[in-house]
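I began with the surroundings of the ligand and then turned to the loops.

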Amino acid sequence: MFTHVTPYAGDPILGLMDKFANDDRTDIKVNLGVGVYYTEDGKLPVLECVKTAEAKIANPPRPRGYLPMDGLAGYKKACQELLFGKDTAVIKEGRVATIATLGGSGALKVGADFIHEWFPTAKCYVSDPTWGNHISIFEGAGLQVGKYPYYDPATIGVKFDEMCAFFETLNENDVVLLHPCCHNPTGVDLSREQWEVVLDIVKRKKLIPFMDIAYQGFGDDMDADAFAIRLAVEKGLTVFVSNSFSKNLSLYGERVGGLSVVAPTKAEADTVLGQLKFTVRRIYSSPPSHGNAVVDIVMNDEALFEQWVDEVYQMRDRIRDMRAKLQAALQQRLPERDFGYFTKQRGMFSFTGLTAAQVARLREEFAVYMVDNGRMCVAGLNNANVEYVANAIAEVLK
Ligand SMILES: Cc1[nH+]cc(COP(=O)(O)O)c(/C=N/[C@@H](CC(=O)O)C(=O)O)c1O
């Protein structure tokens, strides 16, 4: 019956979790693979603000009825205010259609399905490289997916002129998938000046910008990290924004994300919201109640919101500290090389330039796990393992 079905090769990122868990070497093993924040003690944190919210949810116990297809109103309000700014015109004018989704992944899927249904000739273009699941999700929704020039290993920067020239060749309603901050996997972002240029091209060519922000707060700060999103609104663009609370609320398994679509008019936003709800209904019907409740409580209580922002910045700063320490440790071991990219790159990841063979040696000889493309999740480093990791990288680079 299923003999024609192709075996699944496994996911290059999530597959590492299983390999790491099954690695029974007892001395030291370091997980720099999946984009998850670990504390200095190497543990997944439960944020204080989340503990408070969960205590409220637990007492008195709440029934777990179906949520609306688009999620709790407070959850949607939180997404909009984080992405577009509190009390902004676009929100007051009712031009943002927002739904709660099953993580950022669910937001990308609902958005991709919506685009394929209502813009059937649209193709999707992702940065080269990008988060691998971007390609799978949009192809799975039926869109053809291409790549636009992005990362330049020679400069450890962006192939900006090539990127702009490529955008000039695209057709009306083609989708360009953009990382507003903390680019995955490179950690290399566009400057504010470059965003101005790119979004002017997007506007003139009538492209559909789809901005995927999964690390808000890990770059500079909550508002600065949303600069590109707010600039798109300022330029009068229709923009799709997928957001994730997996990392900045450390709620990976609760599947908390959002999809927002900024429309030209309230009437169009309302129509889009209806179709987004219909798309949710026919994929997973409604979002999970616990994650929705946690986000609603944390984001709409002033004190808890402030506490949350502070906890995110503590995570951000610890990652920055680890970037500096690893860079110094490697520079000391291999002074002839330039490891400046560790502190130039931002967010959770560093694109090391290590080859797949070198990554394999790190895993096999040193039990240091990274994604095959050389991406390192810096949040897996701590003061107990950073020297060990530097030794291992220095060895495979010799
Ligand atoms: C850019 C980006 N967008 C969306 C997601 C999905 O997040 P979620 O809200 O959990 O559905 C991730 C997850 N990235 C990490 C984990 C993964 O691959 O799923 C990663 O890159 O390791 C991203 O890195």
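**Ligand shell**

I sorted the shell around the ligand by class and found six nonpolar, seven polar and four charged residues. For this sorting, Ala, Val, Leu, Ile, Met, Phe, Trp, Tyr, Cys and Pro count as nonpolar, Asp, Glu, Lys and Arg as charged, and the others, Gly among them, as polar. I note that the model is predicted: local features need pLDDT of at least 70 and side-chain atom pairs pLDDT 80 or more, while totals for chains, interfaces and linings use all residues. Residues are numbered from 1 along each chain as its sequence is written, and side-chain values use heavy atoms, with hydrogens and water left out.

I looked up which of the 17 residues around the ligand come nearest, and they are G35, G104, S105, D212 and Y215; a residue is near if one of its heavy atoms lies within 4 Å. Helix α5 (residues 103–118) gives the most to this shell, with three residues; helices (H or I, at least four residues) and strands (E, at least two) are DSSP runs numbered from the N terminus. Domain 1 (14–46 + 314–397) and domain 2 (64–300) each supply at least three residues of the shell, with bounds from an automatic or database domain assignment.

**Polar contacts and burial**

I then listed polar contacts, that is, pairs of N or O atoms within 3.5 Å. Ligand oxygen atoms lie 2.7 Å from a polar side-chain atom of S244, 2.9 Å from a side-chain N or O atom of S246 and 2.7 Å from one of R255. Taken alone, the ligand exposes 520 Å², of which the protein buries 93%, by the Shrake-Rupley method with a 1.4 Å probe.

**Backbone**

I recorded a cis peptide bond between D128 and P129, with omega about 5°; P129 is in the loop between β3 (124–128) and α6 (132–140). The bond from N184 to P185 is also cis, with omega near 20°, and P185 lies in the loop between β7 (175–178) and α8 (192–205).

Note on methods: A polar contact is a pair of N or O atoms within 3.5 Å; within protein, one must be able to donate a hydrogen and the other to accept it, and residues adjacent in sequence count only if both atoms are side-chain atoms.
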